[in-house]
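Biologist: I'd like to learn how to read a protein model. Could you walk me through this one?

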Amino acid sequence: MAKVIDLKDNVASICDAYPEVVDVLVGVGFTPLANPEHRKTMGVHVTIPEAAERHGIPLQTILSALEEKGFTF
């Protein structure tokens with residue numbers, strides 16, 4: 001089964017669909033996502049590209065980490 005992430009989806013829905021994404025995102029610097037409440041409140045309002053910009057994390061760093069885990073976009 002292909003693991004495809006639509007970068008237009010919000011972070012919370014991506015993490016709900018693929019729980020392993022939480023560990024990847026926390027690993028690249030989105031440490032607040034380790035808290036389930038934060039994911040369910042703030043995560044519904046931002047996409048991965050938006051979060052990357054807000055946190056100053058290069059989007060390519062995030063995409064590369066997700067690709068290493070078998071995700072495509």
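This is a predicted model: local features need pLDDT of at least 70, side-chain atom pairs count only at pLDDT 80 or more; totals for chains, interfaces and linings use all residues.

Biologist: Which residues does T47 touch, not counting residues up to four places away in sequence?

Modeller: T47 touches L7, K8, D9, N10 and V11. As for its place, T47 is in the loop between α3 and α4 (48-55).

Biologist: Is T47 buried or exposed?

Modeller: Buried means under 20% relative accessible area. T47 has 13%, so T47 is buried.

Biologist: And what about G29, how does that residue count?

Modeller: G29 has 33% relative accessibility, so G29 counts as partly exposed. Look for G29 in the loop between α2 (20-27) and α3 (36-41). Its C-alpha atom is separated by 17 Å from that of P19, 10 residues apart along the chain.

Biologist: Let's zoom out. How many helices and strands does the protein chain have?

Modeller: The protein chain has five helices and two strands. From the N terminus on, the order is β-α-α-α-α-α-β. The radius of gyration is 11 Å, close to the 11 Å that the globule rule gives for 73 residues, so the protein chain is as compact as a globular protein of that length.

Biologist: What share of the 73 residues is buried?

Modeller: Buried residues make up 34% of them. As for contacts with a separation of 6 or more, 58% are between residues 24 or more positions apart.

Notes: Residues are numbered from 1 along each chain as its sequence is written. Side-chain values use heavy atoms; hydrogens and water are left out. Helices (H or I, at least four residues) and strands (E, at least two) are DSSP runs, numbered from the N terminus. Buried means under 20% relative accessible area, exposed over 50%, partly exposed in between (1.4 Å probe, protein chains only). Contact means heavy atoms within 4.5 Å. The radius of gyration is taken over C-alpha atoms; the globule rule is 2.2 Å times the number of residues to the power 0.38.
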